[in-house]
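Me: Hi, I have a structure I've never looked at before. Can you walk me through it?

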Amino acid sequence: MYRTVRTIASGGMGRVDLVVRREGSFARAYALKRLHSALASNGAVRAMILDEARIAGLVRHANVVSVLDVGQDPSGPFLLMELVEGISLARLIAASVERSELLPLQICMEIARQTAEGLNAAHELHVPGAQKGGVVHSDVSPSNVLCGFDGGVRVTDFGIARALDRTSSASSAL
């Protein structure tokens, strides 16, 4: 269904691949997140990725990476997400440091504003069944802020976000 092109990012729990789905002459690129194979059979970790899909899938905002689908195949569970064509804020900062140049203040302020808009959308989300609404990201870092070539900034990786009605008790331990 999805053809893997290359790995975009990798971390302690899993990886994100650039994938393409082709139907006839139509093709579209996505980001597909999946657990490392060693973790795919761990029930608590699998519940965490499903929690992430459920929580991130509820947030609909231009400054949050959209979760489009969740599924499972022989390699385990996965999240299908919009592909942000751009670079992480971590890479942008590293490139700036490498060149010994400061990022312009206006760009820094715009990245901060859009990041805050995305986090606010998650925070103000009403989570069905929860006594209080809202999601706290819990891992806002330059690697989880994506700067699109279109000028849009999007928050990603709600994998260890906290919400009051999480289904996985293990997820709050991370």
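Me: Leaving aside neighbours within four places in sequence, which residues is Val59 in contact with?

Reply: Val59 is in contact with Val64, Ala121, Ala122 and Leu125. Contact here means heavy atoms within 4.5 Å.

Me: Before we go on, what kind of model is this?

Reply: This is a predicted model, where local features need pLDDT of at least 70 and side-chain atom pairs count only at pLDDT 80 or more, while totals for chains, interfaces and linings use all residues. Residues are numbered from 1 along each chain as its sequence is written, and side-chain values use heavy atoms, with hydrogens and water left out.

Me: Ok. How many residues are in the largest nonpolar core?

Reply: That core has 22 residues, and Val59, Leu79, Met81, Val135 and Phe158 are those with the most contacts inside it. A nonpolar core is a set of buried Ala, Val, Leu, Ile, Met, Phe, Trp, Tyr and Cys residues joined through side-chain atoms within 4.5 Å. Buried means under 20% relative accessible area, exposed over 50%, and partly exposed in between, using a 1.4 Å probe and protein chains only.

Me: Which elements give two or more residues to this core?

Reply: Those are β3 (26–35), α1 (43–58), β5 (76–81) and α3. With five residues, α1 gives the most. The names come from DSSP runs numbered from the N terminus: helices are H or I with at least four residues, strands are E with at least two. There's also a second, separate core of six residues, with Tyr2, Val19, Phe78 and Leu80 among them.

Me: Tell me about α3. Which of its residues are buried?

Reply: Ile111, Gln114, Thr115, Gly118, Ala121 and Ala122. Looking down the axis of α3, the buried residues fall within an arc of 120 degrees, so they line one face of the helix. That arc is taken from the directions from the helix axis to the C-beta atoms. Leu105, Gln106 and Met109 are exposed on the other side of α3.

Me: What covers the buried residues of α3?

Reply: The cover includes α2 (89–98), β7 (135–136), β8 (145–148) and β9 (153–155).

Me: Switching topic: how many aromatic pairs does the structure hold?

Reply: Two. Rings of Phe, Tyr and Trp (its six-membered ring) pair if their centres lie within 6.5 Å; planes under 30 degrees apart count as stacked, over 60 as edge-to-face and the rest as tilted. Tyr2 and Tyr30 are edge-to-face, 6.0 Å centre to centre with 80 degrees between the planes. This pair links distant parts of the chain, 28 residues apart: Tyr2 is in the segment before β1 (3–10) and Tyr30 is in strand β3.

Me: And which residues form the other one?

Reply: Tyr2 and Phe78, also edge-to-face, at 6.4 Å centre to centre and 70 degrees between the planes. Tyr2, Tyr30 and Phe78 form one aromatic cluster.

Me: Is Arg34 buried or exposed?

Reply: Arg34 counts as buried because its relative accessibility is 8%. Arg34 is found in strand β3, and its side chain makes a polar contact with the side chain of Asp73 (2.8 Å). A polar contact is a pair of N or O atoms within 3.5 Å; within protein, one must be able to donate a hydrogen and the other to accept it, and residues adjacent in sequence count only if both atoms are side-chain atoms.
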